[in-house]
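Subject: Structure handover

Hello,

I am passing this structure on to you.

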Amino acid sequence: MNPLLATLGGRLTERWLNLLVLPGALFLAATAVGTTLGHRHWHDIDRLRSTLDDLAARPALDRTGTAALLVALVLLTATAASLVAQFLGGAVEQYWLRFGRDPLSRVRTARRVRRWKARDTEVEAAVAHAGPTGAAAHGAVAIPRRTWERIQALTEARDRIAPREPTRPTWYGDRMQATADRVEAAYGVDLAALWPRLWLILPEPAVGQIQSARDSFSAAARLAAWAAGYALLACWWWPAGLIAAGCAAVARSRARTALEALAGLVEAAVDVHGRELATRVGLIAPDATGLLARDTGDGMSEVFRKAE
């Protein structure tokens, strides 16, 4: 039991240091440097060194109790800052995935729809003007390489706005909505009603991969929250604005990658384990073969919604 407790204690300490203390300590250090130097002396290392020397020369710091209390105060403050960042990260996640019923979100959604339709028109025009160069294998039509590359570039530019015509104010919400739409189109099942039940029967490897992608998305949202904190610090020390811009760029890239993986894993889980769930709830026989039929999917939606 003692080795087990020691192992658990070590893991908890490691997670506490990595998730709470270190990010908060970095922010506290940047805050201390920024408030000490300010805009006018933003790169004055001598000013910072002299401030540290004056602080170290105070008699109170020679006492062990005072130094220990100061270290504990720094650790608690860093932890508190990280907890605030986690709370704001949750708010960022909700903001990224929101439906957008408020007027500002509706305006943003309408703007994204116009941009997406413009890109989609360009893709359709490029496909329509693609002149075939002959027949390829299996009856396929060959088109010039440069034309194909242009079509791919236009398609990627359109998909960066949204995988389908936007219905939400952000790419993240549209990506998850596209997954729900694809599942409903293929199987006739409501993903929102299906997913909590499907999650209960997924094997451990699938749960681990989905949870990992979900945690990566949450970590990106926390990084975006830290970017907001550094942006606020830039009001006193402008180099913090560069840190904020870097954090925001990395957060956006990681969030897109994580959500793309999460959406793909959710859809794959329905493809692979949807029939198993239908079997467990008694909608199809255990020895039945073939893909999940649309009428079965409709039946699952009706059962899971409980006649709502």
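The notes below cover surface charge and aromatic contacts.

This is a predicted model, in which local features need pLDDT of at least 70 and side-chain atom pairs count only at pLDDT 80 or more, while totals for chains, interfaces and linings use all residues. Residues are numbered from 1 along each chain as its sequence is written, and side-chain values use heavy atoms, with hydrogens and water left out.

Surface charge

Asp181, Glu184, Asp295, Asp298 and Glu302 form a negative surface patch. A patch is made of residues with over 30% relative accessible area and no salt bridge, with like charges joined within 9 Å and nonpolar side chains (Val, Leu, Ile, Met, Phe, Trp, Tyr) within 5 Å. Accessible areas come from the Shrake-Rupley method with a 1.4 Å probe, and for residues only the protein chains shown count as cover. A salt bridge here is a side-chain nitrogen of Lys or Arg within 4 Å of a carboxyl oxygen of Asp or Glu. Lys and Arg count as positive and Asp and Glu as negative; His and the chain ends are not counted. Each charge is placed at NZ of Lys, CZ of Arg, CG of Asp or CD of Glu.

At least two residues of the negative patch come from each of helix 6 (171-187) and helix 10 (294-305). Helix 10 gives the most, with three residues. Helices are DSSP runs of H or I with at least four residues, numbered from the N terminus. Glu184 lies in helix 6 and is partly exposed, at 41% relative accessible area. Buried means under 20%, exposed over 50%, and partly exposed in between (1.4 Å probe, protein chains only).

Arg108, Arg111, Arg114 and Arg115 make up a positive surface patch. Of these, Arg114 lies in helix 4 (residues 103-128) and counts as exposed at 57% relative accessibility.

Aromatic contacts

The whole structure holds seven aromatic pairs. Rings of Phe, Tyr and Trp (its six-membered ring) pair if their centres lie within 6.5 Å; planes under 30 degrees apart are stacked, over 60 edge-to-face and the rest tilted. Trp171 and Tyr172 are an edge-to-face pair, 5.6 Å centre to centre with 85 degrees between the planes. Trp171 is buried at 7%, and Tyr172 is buried at 8%. Trp195 and Trp199 form a tilted pair, 5.9 Å centre to centre and 45 degrees between the planes. Both lie in helix 7 (residues 191-201), four residues apart, about one turn of the helix. Trp96, Trp171, Tyr172 and Phe217 form one aromatic cluster.

Regards
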